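Here's a quick briefing to read alongside the model. Have the viewer open and follow the topics in order.

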Number of protein chains: 2
Amino acid sequence: MSRPPTIKDVAALSEVSLATVTRVIHGNGPVAVETRRRVEQAIRDTGYRVNFVARDLRLSDTRTIGHILHAITQNPFFAEVALGVEDEAHAHGHNVFIYNVQGRAEREAEGVKTFLNRRVSSIIFTTAAAQENVVQAVEAGLPVVQVERRAAVGAHTVLVDNYTGARRAMQHLLDLGHRMIGYIGGDPGRSDPRVSGELTVEEQRVAGWRDGLRDAGLAADADLLRVGPYLSFEHDAFGGEGARAMHDLLDGGKLPTAVLVGSDILAAGALQALYARGLHVPDDMSLIGFDDTLAAHLTPALSTVALPMREIGRAAVRLALEPHEDGDFKTVTLSSDLYLRHSTGPLRR
Amino acid sequence: MSRPPTIKDVAALSEVSLATVTRVIHGNGPVAVETRRRVEQAIRDTGYRVNFVARDLRLSDTRTIGHILHAITQNPFFAEVALGVEDEAHAHGHNVFIYNVQGRAEREAEGVKTFLNRRVSSIIFTTAAAQENVVQAVEAGLPVVQVERRAAVGAHTVLVDNYTGARRAMQHLLDLGHRMIGYIGGDPGRSDPRVSGELTVEEQRVAGWRDGLRDAGLAADADLLRVGPYLSFEHDAFGGEGARAMHDLLDGGKLPTAVLVGSDILAAGALQALYARGLHVPDDMSLIGFDDTLAAHLTPALSTVALPMREIGRAAVRLALEPHEDGDFKTVTLSSDLYLRHSTGPLRR
DNA sequence: TTGTATGCGTTATCAG
DNA sequence: CTGATAACGCATACAA
């Protein structure tokens, strides 16, 4: 309970000056072997531990990363990215503060503010909720990394190529003989915080579906498409939404034999709808998800377009820590991967 | 970028002393209304932001919580608890450092060390990996909270009453007419870091199964039980383990009509095994899981004994922050809840 | 009502 | 090889 020992206590016990103590702690300056021994002994005896608060102040460097998470709870995606961030951060001797905003821009603003007050070395937004918060961070002059959405200039960006993944998934379905392929997912039309003309995650996924169909000479019929703002992983997209969309699709004008679903969470709901109707996957319907969060746990195990979640986090940290010229902002684009499991099968006639 | 402005810059710009500036910042001491206006203007003009590193040093209080997580990624349980911790922490003006140990005791030890160096105000172990690490933290003299396992004395503890939840689940199954009820789950026999005679999470769950059966005059037959170290949520308990256990159970001497499964993750695997065999849930087999992590997403939606995950995190923070006498360590025990969904049904004859 | 001085625990610079 | 000493940015006790 009493205050932790300081360098001063160590100095007193080993009868040397403060300067000498820090010399042995950092192993830099020259110290007589006998003196070093005495000091090391004193460090052990006192149970001394460097006070990072003092050190950080002195060095004006906290070796700390502030990680803003959109919603760690709704979608395992965030937890995985957070893990990657942490892992890479620790490898570089940094610690990470986490700030969960649950999709709310005001909380995100608070997070940025306290991170700035805490003098974190850099800030990572794993999917920024509001553009102005990223700008706020950028203006503070520290390295900022934005994941999955380029919300502001003046920051590094980690992107994932969802389009190619979607195309691969479509090709797989087409190869299996499917011609009526539906799509369920987030609304690509809603306004996202973005600064460039790049496609959002949702847009890329739908585009992959559409182009896959068109290149095969098939019509990307609106009857096969079910998108909506509440089908996005950022909202409370519980399975319920996916189930609803699947029911709607099955009751629609064109009956698909396969469906590409914009997230594993929605696919989970879709699977429930199918089960409730007594439809078998993949015999009666093939399904491919996105993300690879829940996929392996679902019944049947879901084929999905996997995102390199850990690597996203790692890349973000590398960008944050990497020395770079002023005004030299990088974009890292990682690829997605089609994982085949048990939810797809050949078209039955 | 240039260094952030300090209190000194504000003082210079508004032509007052440092003391006056802090007075308006803290709104405590007496300040002339006109002076206050000038200082506030200067704060805005400079974009001044309190430097928490300096403040923390001065006050020797970081208002920071170190949260050690067993494995945030394997089981959504940890992410949910982390969310509760964060939420409550922010409500009390604290920020939280996260340290993920992925089940490894050495990493946990590192985490404790760096938290101590960073002078966190308190440490929370959401399921400690090794007893000595908790002891280490306790000896540093700061408030320590351990979740789900009492690994050491001298620390607060947040427990969940899994036993009653398991009993309730059993009662539900019995009420539906089931008599042959199996159990799949983590090994209650392995040595956990614990200091008291309390039952571990796994022990409570199995005990609930056993006692439920016995009180109904039924035999808790070993043929109906499948437990093993790799069936615990702490290991890489992928669905595969749950599937294996279910297959094994179905191929065993006694065929259950219902199974209580020690975690949603294992239940997910069990569901896959059933599906693969063409068995319908709940018509051919009733299933109840534990945790309420994946449950709502599974097919069919899984009935489960839900843990109050967020509340666990909140309670942990409250214990950590609550002023308490020296040597006065509290234990908060939260209850679990049976959530009924679509995986249980009446016994078919 | 305002200003000055001191210390929180380190690290780094400069002498000795 | 070792020891004073200043400074990091802030908060506070004490003066004015």
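How many residues of chain B are in contact with chain A, and with how many residues there? It's 44 residues of chain B against 43 of chain A, where contact means that C-beta atoms, placed from the backbone, lie within 7 Å. Keep in mind that this is a predicted model: local features need pLDDT of at least 70, side-chain atom pairs count only at pLDDT 80 or more, and totals for chains, interfaces and linings use all residues. Residues are numbered from 1 along each chain as its sequence is written, while chains are lettered from A and ligands numbered from 1 in the order in which they are written.

**How the chains meet**

- The elements giving two or more residues to chain B's side are helix H4 (52-59), helix H5 (76-91), strand E2 (95-100), helix H6 (105-117) and helix H11 (264-276) of chain B; helices (H or I, at least four residues) and strands (E, at least two) are DSSP runs, numbered from the N terminus.
- H5(B) gives the largest share of that side, with six residues.
- By class, chain B's side has 25 nonpolar, twelve polar and seven charged residues; Ala, Val, Leu, Ile, Met, Phe, Trp, Tyr, Cys and Pro count as nonpolar, Asp, Glu, Lys and Arg as charged, and the others, Gly among them, as polar.
- Strand E2 (residues 95-100) of chain A pairs with E2(B) in the antiparallel sense over three bridges, pairing being at least two DSSP bridges between two strands.
- Within E2(B), Val96(B) is the bridge partner of Ile98(A).

**Around the DNA**

- There are 27 residues around DNA strand C, and Ile7(A), Asn51(A), Ala54(A), Ala19(B) and Ala32(B) come nearest; a residue is near a strand if its C-beta atom, placed from the backbone, lies within 6 Å of it.
- H4(A) gives the largest share of the surface near DNA strand C, five residues.
- DNA strand D has 28 residues around it, with Ser17(A), Ala19(A), Ala32(A), Thr6(B) and Ile7(B) coming nearest.
- Here the largest share of the surface near DNA strand D, again five residues, comes from H4(B).
- The surface near DNA strand D has 15 nonpolar, eight polar and five charged residues.

**Sheet in chain B**

- Six strands make an open sheet with mixed pairing, in the order E7-E6-E8-E9-E10-E12 (chain B).
- Strand E7 (225-228) and strand E12 (337-339) of chain B are the edge strands, each pairing on one side only.
- Strand E10 (residues 303-306) of chain B and E12(B) pair in the antiparallel sense over three bridges, and Leu338(B) in E12(B) is the bridge partner of Val305(B).

**Helix packing in chain A**

- Helix H8 (residues 162-175) and helix H9 (residues 201-215) of chain A pack at about 35°, with axes 8 Å apart; axes are lines fitted to C-alpha atoms, for helices over the stretch in contact, and angles run from 0 to 180 degrees between N-to-C directions.
- Their contact divides into eight nonpolar, six polar and three charged residues.

Conventions. Two residues are in contact if their C-beta atoms, placed from the backbone, lie within 7 Å.
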